[in-house]
Amino acid sequence: MTHGKTHKILLLPGDGIGPEVMAPVSALLSEMVSRKTIDLQVSEALIGGSAYDRTGHPLPADTVARALDSEAVLLAAVGGPKYDTLPYEHRPERALLGIREKLGAFANLRPAKLFPQLANASTLKPEVIRGLDLVVVRELTGGIYFGSPRGIVTEGGVRVGINTERYSEPEIERIARVAFNVARSRKKKVTSVDKANVLESSVLWREVVVRVAREFPDVTLEHMYVDNAAMQLVRNPGGFDVIVTGNIFGDILSDEASQLTGSIGMLASASVGGKTGLYEPIHGSAPDIAGKDIANPSAMFLSLAMLLDHSLGEPALARTLEKAVESVLEEGVRTRDIAEPGCTLVGCREMGERISRAFFRLLESLGRGR
Ligand SMILES: NC(=O)c1ccc[n+]([C@@H]2O[C@H](COP(=O)([O-])OP(=O)(O)OC[C@H]3O[C@@H](n4cnc5c(N)ncnc54)[C@H](O)[C@@H]3O)[C@@H](O)[C@H]2O)c1
Ligand SMILES: CC(C)[C@H](C(=O)O)[C@@H](O)C(=O)O
Ligand SMILES: [Mg+2]
């Protein structure tokens with residue numbers, strides 16, 4: 001069923017397990033197009049180490065231009081040991097920061113929700129993780145990742161590595177507003193995470209968040225230092241609804257939250273704020289398992305679900321894709337990272353094929369697509 005508009009989306013498979021987890025998602029998109037589930041124009045471009053190998057640059061200008069010309073970008077992962085000794089400007093990670101910045105994707109939404117079928121895969125006791133459903137709203141284009149001065153300099157014969165944590169009032173205001181709006185559609189609670197007992201950037205962060213909170217009297221605001229937040233996440237994750245925080249704290253806390261849900265291979269993200277949305281699993285290129293067909297492609301499918309919802313205005317397709325992932329878990333099918341005794345252990349490719357088949361089966365039962 002089409003709506004008369006051709007959506008343009010760009011796929012960036014990247015490095016390591018990136019192309020492996022992207023392949024079944026790309027196949028799903030092709031089948032959606034051929035079944036006329038949705039009117040899509042899908043193309044692929046280079047990013048990361050693979051782009052560096054082919055073009056000498058981890059973020060080719062052509063990739064940026066095509067990303068800006070798309071409604072949404074789906075990115076798998078970049079990086080790998082082969083590129084770790086390159087100067088920062090040439091590193092795959094710089095390309096990732098670059099594309100986020102070019103797209104103006106300042107708000108990174110990282111939902112951590114427990115699929116009940118994975119209660120045993122979590123490292124926490126079932127009674128602790130029951131009902132886990134939180135979102136990390138991570139500021140993505142500022143903070144210590146982007147602040148200057150940065151670099152490695154020599155001072156008095158001693159080498160010094162420098163990075164600068166830096167947040168301006170407008171940067172804090174806009175991310176806080178996103179967080180309060182997200183909370184309005186959920187349990188109406190925001191936990192702002194900072195290190196205001198030590199860092200001036202956090203003192204300002206807290207002050208601005210308190211000011212923005214006045215626009216949202218229906219939402220409860222609490223503040224938490226990041227070290228305590230890291231501890232509370234494993235002690236009582238059900239106590240969180242929306243966590244709003246800066247770039248580096250959000251990076252760390254979202255990886256921690258992912259393990260509560262069973263595996264980092266399950267967590268998707270949406271980076272919004274600009275004209276083009278950017279969607280990526282929160283995991284990396286996993287060099288330790290790359291090329292072995294054992295990665296979990298679920299986070300990649302769930303990132304596509306977020307794309308369908310946030311950028312293409314297709315919430316029903318998004319929910320169906322989430323249900324497809326859940327139904328495969330319900331059948332006891334697992335990749336290695338979420339395996340448990342008695343499960344049907346499958347590789348990345350088969351997991352992807354099963355999710356796709358479940359998706360089209362569910363669509364047919366809803367009378368959508370053929
Ligand atoms: N968005 C991104 O592109 C992104 C994110 C994080 C890290 N990285 C890069 O990836 C490289 C590896 O980093 P890392 O090892 O710290 O983090 P990682 O997320 O790649 O891997 C951490 C651990 O999780 C496992 N894992 C990750 N994704 C998985 C999946 N889908 N299924 C099953 N297991 C999975 C890995 O096997 C590994 O044991 C580095 O170069 C890093 O900079 C990129
Ligand atoms: C690879 C790295 C630059 C990136 C980040 O820190 O943003 C990653 O860890 C992520 O979580 O997307
Ligand atoms: Mg990370």
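Mentor: Let's begin with Arg138, which is buried because 29 other C-beta atoms lie within 10 Å of its own. Keep in mind as we go that this is a predicted model.

Trainee: OK, and where does Arg138 sit in the fold?
Mentor: Arg138 is part of strand E5, which runs over residues 133-139.

Trainee: Which residues is Arg138 in contact with, leaving aside its neighbours within four places in sequence?
Mentor: Asn108, Arg110, Thr245, Asn247, Gly250, Asp251 and Ser254.

Trainee: What does UniProt say about Arg138?
Mentor: An unreviewed UniProt entry has a "binding site" annotation that covers Arg138 together with Arg100, Arg110 and Asp227. Those residues are spread over 128 residues of sequence, and in space they are up to 26.7 Å apart between C-alpha atoms.

Trainee: Where else does UniProt put a "binding site" feature?
Mentor: The unreviewed entry also places one at Asp227, Asp251 and Asp255.

Trainee: Take Asp227 then. Is Asp227 buried or exposed?
Mentor: Asp227 counts as exposed, because it has 12 C-beta neighbours inside 10 Å, and the cut-off for exposed is 12 or fewer. Asp227 is found in helix H8, residues 226-235.

Trainee: And Asp251, where is that one?
Mentor: Asp251 is in helix H9, residues 247-260. With 18 other C-beta atoms within 10 Å, Asp251 comes out as partly exposed.

Trainee: Let's switch to the ligands. Which residues are around ligand 2?
Mentor: Asp251 turns up again there, along with Gly79, Glu93, Leu96, Ile282 and Gly284. By class, that shell has two nonpolar, two polar and two charged residues.

Trainee: How many residues surround ligand 1, and which are the closest?
Mentor: There are 22 around ligand 1, and the closest are Gly79, Gly265, His283, Gly284 and Asn296. The shell divides into eleven nonpolar, seven polar and four charged residues.

Trainee: Zooming out, what does the domain assignment give for the protein chain?
Mentor: Domain 1 is made of 1-107 + 264-370, and domain 2 covers 123-260. Their C-alpha centres lie 25 Å apart. The contact takes eleven residues from domain 1 and twelve residues from domain 2.

Trainee: Which element gives the most to the side of domain 1 that touches domain 2?
Mentor: Helix H4, residues 92-102, with three residues. By class, that side of domain 1 has eight nonpolar, one polar and two charged residues.

Trainee: What does Leu103 touch, not counting residues up to four places away in sequence?
Mentor: Ala67, Val73, Gly274, Thr276 and Leu278. For a sense of distance, Leu103 and Lys8 are 95 residues apart in sequence and 15 Å apart in space, C-alpha to C-alpha.

Trainee: New topic: backbone geometry. Which residues does a cis peptide bond join?
Mentor: Ser148 and Pro149, with omega at about 5 degrees. Pro149 is found in the loop between E5 and strand E6, 151-155.

Trainee: OK, what is phi at Ala286?
Mentor: Ala286 is not a glycine, but its phi is positive, about 40 degrees. Ala286 is in the loop between strand E12 (277-281) and helix H10 (298-310).

Trainee: Is Ala286 buried or exposed?
Mentor: Buried, because Ala286 has 23 C-beta neighbours inside 10 Å.

Trainee: And what about phi at Asp293?
Mentor: Asp293 has a positive phi too, about 55 degrees, and is not a glycine either. Asp293 lies in the loop between E12 and H10.

Trainee: How many other C-beta atoms are within 10 Å of Asp293?
Mentor: There are 15, so Asp293 is partly exposed.

Terms used: Residues numbered from 1 in each chain as written. Chains lettered and ligands numbered in written order. Predicted model: local features only at pLDDT ≥ 70, side-chain atom pairs only at ≥ 80, totals over all residues. Near = placed C-beta within 6 Å. Nonpolar A, V, L, I, M, F, W, Y, C, P; charged D, E, K, R; others polar. UniProt positions renumbered as here; feature names shortened; annotations may be inferred. Helix = DSSP H or I, 4+ residues; strand = E, 2+ residues; numbered from the N terminus. Buried ≥ 20, exposed ≤ 12 C-beta atoms within 10 Å, placed from the backbone. Contact = placed C-beta atoms within 7 Å. Domains from an automatic or database assignment.
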